[in-house]
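Take a look at the chain before reading on.

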Amino acid sequence: MSTAARWARRLLPLALLIVWLAIGGGLGPYAGKLGEVATNDQAAFLPRSAESTQVIEAQRAFRQDETLPAIVVWTADDDARLDAARQAAATRALASLDGLPGVVGTPSPALPSEDGLALRGVVQLRTDLGEELAPTLDAIESAAASVPGTEVWLAGPAATRADLSNAFAGIDGLLLAVALTTVLLILLLVYRSLLLPLVIILGAVFSLGLACAIVYVLADHGVVRVDGQVQGILSILVIGAATDYALLLAVRYREELAASDGDRYPAMRSALRQSVGPITASAATVALGLLALLLSDLTNNRALGPVGAIGIVCAVLSALTFLPAVLVLLGRAAYWPARPRTSGADQGGQGIWRTVAARVDRAPRKVWAGTLAVLLACAVFAPALESKGVPLDEIFVDDAPSVAAQETLGRHFPGGAGNPAVVIADAPSADRVIAAAEAVPGVDSAAAVTASGRPGAGEPLVVDGRVRIDVTLEDAADSVRAESAVAALRESVHAVPGADALVGGYTAQRYDTQRTAERDRMLIVPVVLVIILVILVGLLRSLLLPVLLVATVALNFLATLGVAALVFEHVFGFTGTDPSVPLYGFVFLVALGVDYNIFLMSRVREESLRHGVREGVLRGLTATGGVITSAGVVLAATFAALGVIPLAFLVQIAFIVAFGVLLDTLVVRSLLVPALVRDLGRVVWWPGSLSRGTKAGTPTPEAASGTRPPA
């Protein structure tokens, strides 16, 4: 090799390292700045074509700005009836808020409950208050506290949004710290190296900084949308994926380094040659699976698609550029104080993986039949997972002030008080629409909105020949019974001739979101499966094996849902699941589950080409067992970190992905897939060359004799 070539070989890793250090230093801070362009306005994430979305558009004709209601509730300190004097004081307190920055229009008067034990008033707020929402609510609570002998509660969508903002406060630092600390501890324990875990963590942080910078710019220009959920999932996804890809390359480099007597450059070339295919194929399954979410009619699903795909691309870019550069520069020192050992395929694996391979080889049919029975038994419970939404009192894992306030409101007023269903109809049909609405079971009252902005207080406000009718439901706006009432309300008012009525509001939005989520699952699930199947066919040069792998990860997903249904109900106490949870769980579990099968079967194919199909299965399992298992544990731990955010949606996602990844890593990839491939033999590689024999020619003597890998 010429001197110039040697210098170029040495300078390239150094140049890559300098580039990534610049990226980390310049773009790293963006990992903590996504909150600046994030929105937690749930109205912005409604189904585009839903009736409730059309109502929001129609409402804008009745008032210039859409508002966010804050419901003020007073109860007596001594649980006594509230007299007229305190009602008057409450009305004066509400009137004093007129003109307060952030308040829209004139607050309503204080109205007593039928039992006389509570008062209620509504203050309409701007929807774009952002960080000013909490101070505005504090001002409202302070004014309301002037009523003597009462306790004040703040309920309604404004209070709920404030609690959501509090739940996501500090998400960047807390979530990142928990995830990185967990990953670092696992790597230190598994690999017993001081430098390697730090290098892997540094690469993951650099890739997250790059991803967050790109997403920040796109969100700032309105190209993508980001909310707290997307923000949290992006951090976890990038850290987990970057660590997985880095582990696969680092362990392969360690093998090649030992085999090349420490010559780092040929070792890295060989490691990259063998690892690029599986890593890029794995990244493609996750990225394309996430991009399939663009087919969703739910805006928050569509938001996660490109944001998550950007994160995966940055993760694989770091794993294939930053990590090789650092490993080449460090050489054997990267694994200090451990020493690079010869290939796990040549050694027959270490400890438990040698035992597992031997068990699979001796009785493959018993192994796959037993594991299949366990997975099917778990999958039986999958239909029990209710994905019809999370009630308000379960949205927050910890106690939240808005939840307690809503419960207080519901004890004294109709469940839907302050959060009505909204009907937009033609003005000449208003009386008939009101009558039709009041005849619906589950409806407490209905009244047209007047020029004052309050229902029933004068002549209806007519805008462009249309009126708005507020319908108060008997049950809480987030309950299943309220959603049933909205479905019946729609059927009733749609039947009024000439009314052209539309039904929206909070409950209708929940109902439409559920229907849309069901439609999305029916569309996106097959698309993701086809994407993964095509990638596997191209990577493994087989048709039968990819179908088998997709079937096993799909079964793993169903088994995970079955376990989640039992755990959510009997351990966590959830009575419902967010409609997006099954779809998110499917995309993450199936795409990430295929990752581990890709890592395993690409190595099996490589070994089979040299040693024969049977020997290839055993050598591939023993060689990849340790690295894939540690990668699975790391990924499960990073997703479990989502549980630090006290929201039911993220806790549910955290459990499903973490448990599913562990089940896939320890059972499906370790036992079910190797046993099936071992039992089926060469036919599993049909119609590729391996189904007819090894491309490399005559198998080795060990493979020909059928012996297991040497110890």
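The notes below cover the sheet, the helices on it and the nonpolar cores.

This is a predicted model: local features need pLDDT of at least 70, side-chain atom pairs count only at pLDDT 80 or more, and totals for chains, interfaces and linings use all residues. Residues are numbered from 1 along each chain as its sequence is written, and side-chain values use heavy atoms, leaving out hydrogens and water.

**The sheet**
- Four strands form an open antiparallel sheet in the order 6-7-5-8. Strands are DSSP runs of E, at least two residues, and helices are runs of H or I, at least four, numbered from the N terminus. Two strands pair if DSSP finds at least two bridges between them.
- Strand 6 (443-448) and strand 8 stand at the edges with a single partner strand each, so one side of each has no neighbour in the sheet.
- Strand 5 (residues 421-426) pairs with strand 7 (residues 466-473) over six bridges. Asp426 is bridged to Arg466, and Ile424 to Arg468.
- Four bridges join strand 5 to strand 8 (residues 502-505). Val423 partners Val503 there.
- Five of the six residues of strand 5 are buried (under 20% relative accessible area, 1.4 Å probe, protein chains only).

**Helix on the sheet**
- Helix 2 (residues 51-59) lies across strand 5, strand 7 and strand 8, at about 85 degrees to strand 8. Angles run from 0 to 180 degrees between N-to-C directions, with axes fitted to C-alpha atoms, for helices over the stretch in contact.

**The cores**
- The largest nonpolar core has 167 residues, and Tyr245, Phe588 and Met601 have the most contacts inside it. Such a core joins buried Ala, Val, Leu, Ile, Met, Phe, Trp, Tyr and Cys residues through side-chain atoms within 4.5 Å.
- Apart from it lies another core of 27 residues, including Trp74 and Ile140.

How values were computed. Buried < 20%, exposed > 50% of the residue type's maximum accessible area, 1.4 Å probe, protein only. Contact = heavy atoms within 4.5 Å.
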